[in-house]
Amino acid sequence: MLVLKLWNYFRGYVLIKIEGLSLEKFINYAIARGIFLWDIKRIDYTTMEAKVGLRAYKELRHVVKKAGCRVKIKVKIGYPFFMYKIKKRKIFMGGFAFFLICIFIMTSFIWSVDIKGCETINPTEIKEYVKKQGVKIGEWKYDVDTEELERNMIIDLKKISWVGIEFKGTKALIEIVEKVEPPPKVNKEMPCDIIAKKDGVIKKVIAKEGDSLVKEGDIVKKGQCLITGAIVREGVENRYVHAFGEVMAKTYYEEKDEISLINVEKIKTGNKKTKRIIKLGNSQIISGEENIPYKNVLVERKYKTLPKWRNTNFPVEVIIEEYYEVNIRKNKLNKSNVKKILFDKMMVNVHKKIPKDGKVINKNIVFTEENSIIKGKLIVEVLENISTQKPIMEEEIIKEKIDLEE
């Protein structure tokens with residue numbers, strides 16, 4: 001379909017108005033002479049509109065005489081007519097071409113550098129690095145090899161696990177993902193405690209090395225010591241071991257969400273207005289309908305850009321906005337179905353938070369309704385291992401020995 005539209009555009013075609021009492025004969029004669037008509041629309045009993053190719057239009061004179069109809073051109077469309085207008089406006093087109101060249105040149109430089117994703121890394125450190133690599137204000141952006149720069153950043157900056165670099169107009173957008181370091185493993189020769197990495201209710205404690213400080217049913221807080229590596233026995237000198245064990249606890253995950261009981265449906269009436277926006281860097285040219293006369297509108301956008309060439313994105317984009325007139329229809333949804341959808345949605349979100357070794361043992365959900373909105377509060381009970389190691393520092397051992405001596 002797109003190929004056919006392009007073909008018609010480049011060869012040129014016209015929208016014609018046919019008037020007469022024998023419109024059907026006109027169509028039949030045109031078909032007999034191999035003249036292709038499309039988008040035929042009847043206006044009234046004696047009038048219709050149709051589109052026809054530029055060359056085929058010249059052949060219509062024979063059909064008009066036979067059918068006894070009159071034909072008038074309403075709109076000329078296509079490349080031949082466009083070029084004809086350009087030839088008549090050479091100064092204007094020269095100025096427009098000069099304007100496009102200026103826009104292209106101005107948008108080919110970097111005017112700002114934006115960095116996203118920095119949490120622990122200082123953005124200034126990233127800016128200084130890329131500045132040395134040529135990504136700086138006033139630099140010609142097409143000289144920057146983004147793929148090579150991305151590879152170098154991952155190699156040189158050890159705290160980065162992924163980086164993406166792209167140019168949006170005159171802005172260099174650098175997005176990074178920082179490395180998430182796993183919790184450090186304590187050397188087996190070093191004394192350590194087992195502490196809680198989150199709040200929970202103790203279900204089972206297995207102390208393979210060290211002394212357990214909690215039992216089943218105890219409520220523990222994050223950071224609380226569960227199995228200590230400090231072995232204290234009466235009449236025996238204190239010793240410090242590498243605590244090792246497993247602590248299973250019940251933990252709780254909460255999720256809240258809501259869904260409206262009213263579903264708003266937009267039904268197209270068939271009326272449509274189109275607006276085209278040509279973006280050249282940070283500038284834009286708008287053509288088509290300026291004021292949309294519809295009360296209720298559904299907007300659909302299509303984006304078209306020039307193909308990438310040698311890692312270069314040209315700063316030209318065409319946005320086609322289609323405004324459809326719509327009628328609004330509100331439907332009340334089944335309350336039971338909405339609750340089920342809301343529950344499933346919240347469970348998906350909760351499972352993203354639960355560790356792989358966690359086991360869901362209970363689910364509790366409470367629904368409330370307010371202003372035709374169903375609100376849900378989900379609490380999921382999970383059985384998981386909450387233990388993690390914490391080294392016993394030498395300073396703590398020395399302090400404890402001093403306290404005992406005193």
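Helix axes are taken as lines fitted to C-alpha atoms over the stretch in contact, and angles between them run from 0 to 180 degrees between N-to-C directions. In this predicted model, helix α2, spanning residues 23-32, packs on helix α3, spanning residues 54-67, at an angle of about 140°. The two axes lie 9 Å apart. The crossing of α2 past α3 is right-handed.

On the α2 side, the contact is made by K25, F26, Y29 and A30. Helix α3 contributes L60, V63, V64, K66 and A67. Of the residues in this contact, seven are nonpolar and two are charged, with no polar residue present.

Burial within α2 was examined next. The buried residues of this helix are L23, F26 and A30. These residues cover an arc of only 55° around the axis, and so they are placed on the same side of α2. F26 and A30 are buried and also take part in the contact with α3. On the other side of the helix, I31 and A32 are exposed.

The cover over the buried residues of α2 includes helix α3 together with strands β1 (13-19), β2 (37-44), β3 (47-53) and β4 (70-77). Following α2 is G34, with a positive phi near 75°.

Technical notes
Residues numbered from 1 in each chain as written. Predicted model: local features only at pLDDT ≥ 70, side-chain atom pairs only at ≥ 80, totals over all residues. Heavy atoms only, no water. Helix = DSSP H or I, 4+ residues; strand = E, 2+ residues; numbered from the N terminus. Left-handed = near helix turned anticlockwise from the far one by under 90°. Contact = heavy atoms within 4.5 Å. Nonpolar A, V, L, I, M, F, W, Y, C, P; charged D, E, K, R; others polar. Buried < 20%, exposed > 50% of the residue type's maximum accessible area, 1.4 Å probe, protein only. Arc of directions from axis to C-beta.
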